[in-house]
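Please keep the sequence and the model in view.

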Amino acid sequence: MALKIENLRAYYRSSEAGVATVVRAVDGVNLTIKENEIFGIAGESSCGKTTLIRTLSGTIKPPLEIVGGRVVYDIKEKEVDLFSLRSSEMRALRWKHVAYILQGSMSVLNPVRRVIKTFEDFTEAHERITDRKAFREKVNKHVLDLGLPIDVVTAYPHQLSGGMRQRVAIALATIFKPPVILADEPTTALDVVVQRGVLQLLKDIQRETGNTVVLVTHDMAVHANVADRVGIMYAGRIVEVGAVEDIFQRARHPYTQHLISSLPTIGDRTPRSALPGAPPSLANPPEGCRFHPRCEHAMDVCRREVPPMLEEENGHQTACFWANREAVS
Amino acid sequence: MKNAFLRYIILRVLQCLMVIFVGITVTFMIPRFTPVDPVEQAITRMTMFQQSTHPEALEEMRASLATLYGLEGSVFEQYLGFWGRLFRGDLGPSLSSFPRPVMTLIRTSLPWTAGLLLTSTIIAWSLGNIIGAFAGYFHHKKWSQVLGVMALVVWPIPYYIFAFLLLVLLAYVIPIFPLSGAFAIGSSPGLNWNFISSVLRHGFLPALSIVAIGFGGQFLGMRSLVSNVISEDYILYAEIAGVPNHRILKNYVIRNALLPQITGLALQLGMIFNGAMITEFVFSYPGIGYLAYTAIFSGDFGLIMGIAIFSIVAVALAVLIIDLLYPVFDPRVKLR
């Protein structure tokens with residue numbers, strides 16, 4: 001186990017003109033992510049993916065609030081509860097143990113500083129650089145190992161292409177070879193050719209260091225390509241988790257089935273069906289199973305109760321009364 | 001690369017010279033389009049108390065005055081003569097304190113203005129930007145909000161009211177500082193402690209008034225620039241990576257937010273040669289602003305033109321310098 005999420009609830013609280021609104025972006029998520037795997041988190045826009053991964057990185061700034069639950073990291077065989085850490089401990093944990101690649105990594109580099117300077121800043125936040133020359137060589141080697149041209153080190157961010165900037169951001173996140181890498185939509189703004197390169201880079205890093213990558217993206221094709229296991233998120237909750245083959249070939253939750261069947265297949269020219277309706281507002285989510293208003297299999301129980309997460313086999317879990325109807329009845 | 005760089009500089013210098021040329025030409029033309037004829041004015045002044053003057057003598061006087069004022073011949077000939085004298089550093093005589101040359105008047109006033117405005121502008125700019133950056137970065141802290149409110153209260157006070165208030169309070173009600181002038185009457189200018197302390201004491205109130213108002217503007221400007229910059233991804237990312245606050249503030253926040261402020265400073269420094277008319281008037285400070293004020297009220301075209309030319313050259317040079325230096329501050333701007 002690399003990290004464990006227990007009944008995590010993270011809400012955005014704000015009040016405007018005395019009217020308090022609570023957006024339940026992450027509402028009761030349970031997940032166990034293993035060591036040495038790429039775990040994909042999939043779901044539509046505004047289903048809480050980014051909030052989940054941000055919470056995992058410990059970046060909790062108002063209006064985001066942790067309402068309940070735990071995030072436990074396994075650090076050198078010891079369980080560490082993320083939210084019990086003091087800010088200095090949190091600072092030590094970040095980058096050394098958990099690195100975070102932000103959504104929209106194109107603009108994460110300081111425009112007026114050379115890339116090497118950003119490497120210096122990020123490194124010096126955690127350890128003293130005594131020998132600048134040796135450090136420079138270390139960065140050069142790291143960058144070369146990742147297959148990037150050496151010039152990026154001395155370049156300014158605006159001199160790099162979008163794909164290159166994304167790769168530099170990944171290089172920056174992996175300078176300490178952290179056991180856990182959280183990547184939020186690392187390929188979203190890139191064209192498919194560049195996407196492939198960036199994904200291959202992430203995959204190579206993972207293979208080489210044997211660490212854990214949590215990869216958030218709405219792009220199911222990316223999950224099919226790189227993830228070992230996938231969690232499907234819908235309206236702030238995980239509705240299905242399983243090995244990538246199980247998800248793509250034996251999806252059990254109606255929402256997952258819709259996601260998969262909407263993907264184009266080579267040679268199949270039949271029109272793809274779209275899921276009717278829109279995702280619910282997280283400020284006022286439906287009772288019971290949050291998918292029931294859009295679900296063609298909805299039963300009475302779905303409107304009243306939250307479906308429990310039940311395991312079928314091989315770690316394939318689904319939170320759906322309909323999919324689990326044999327097991328329940 | 002080297003060639004392109006050189007070409008860029010030459011181009012910019014030419015552009016700057018062009019601006020100066022056009023500006024000076026316009027200042028030359030404008031008085032000539034006004035219906036006021038300085039020669040006739042001078043004649044009227046001189047003949048006011050005389051019963052009669054010989055017409056031939058009058059004609060002779062008119063001619064010699066025209067030569068003196070540079071008003072001989074056609075406008076084009078005057079224009080050429082004007083440039084010729086300008087290159088020799090001759091701006092002609094002042095009409096109101098005739099026959100002292102405009103150049104001498106400006107030369108005596110300029111050090112006072114430059115000394116006062118240079119120090120107070122730089123102090124206001126540095127203080128406003130540093131404190132504004134801190135206030136913007138720690139915007140949720142109590143002291144930052146208090147400072148913000150204070151700046152918002154002081155800044156919109158019309159400058160002349162604020163300056164008068166200072167003068168009345170600190171020179172009249174509580175007479176700590178002198179009421180007017182740039183140094184005590186009777187002290188001889190020179191590098192002695194008496195004179196220097198007198199200059200500092202006389203300059204304090206005008207400087208304070210400029211710093212206080214200038215600080216408010218710089219503070220508010222920088223604070224809002226910073227609050228834009230801190231929502232950028234690269235700040236959040238550096239914070240997540242655990243880069244210490246002071247380093248983020250210095251290398252990430254201020255470095256980026258300061259860019260537009262640098263342009264502002266350069267322009268302000270160029271404007272110094274305009275003088276600070278209201279400041280110098282309120283505190284009777286013998287600088288360029290005061291000189292310009294008296295020139296305007298006595299219709300002293302020569303002097304007005306002289307001051308205008310100085311300020312055109314200063315602003316154009318300030319813009320040129322900032323253009324050439326900007327790539328040092330912002331690597332995205334390349335000399336091309």
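**A strand and its surroundings**

Strand β7 (residues 180-184) of chain A is largely enclosed by the rest of the structure, because five of its five residues are buried. A residue is buried if 20 or more other C-beta atoms lie within 10 Å of its own, exposed if 12 or fewer, and partly exposed in between, with C-beta atoms placed from the backbone. Strands (E, at least two residues) and helices (H or I, at least four) are DSSP runs, numbered from the N terminus.

The model is predicted: local features need pLDDT of at least 70 and side-chain atom pairs count only at pLDDT 80 or more, whereas totals for chains, interfaces and linings use all residues. Residues are numbered from 1 along each chain as its sequence is written, and chains are lettered from A and ligands numbered from 1 in the order in which they are written.

V180(A), L182(A) and D184(A) point one way from β7(A), while I181(A) and A183(A) point the other way, and all are buried. Two strands pair if DSSP finds at least two bridges between them. Strand β6 (residues 98-101) of chain A runs parallel to β7(A) and is joined to it by four bridges; here Y100(A) stands opposite L182(A). Strand β8 (residues 212-216) of chain A also runs parallel to β7(A), with five bridges joining the two, and V213(A) in β8(A) is the bridge partner of I181(A). Between β7(A) and β8(A) the chain passes through helix α6 (residues 192-209) of chain A, and this β-α-β crossover is right-handed. That term applies if, with the strands pointing away from the viewer, the path from the first strand over the helix to the second runs clockwise.

**The second chain**

Chain B contains 13 helices and zero strands. Its radius of gyration, taken over C-alpha atoms, is 25 Å, whereas a compact globule of 336 residues would have a value near 20 Å (the globule rule is 2.2 Å times the number of residues to the power 0.38). Of the 336 residues in chain B, 29% are buried.

Where the chains meet, 21 residues of chain A are in contact with 18 residues of chain B, contact requiring C-beta atoms, placed from the backbone, within 7 Å. On the side of chain B that touches chain A, the elements that give two or more residues are α9 (233-240) and α10 (245-271) of chain B.

Conventions
Two residues are in contact if their C-beta atoms, placed from the backbone, lie within 7 Å.
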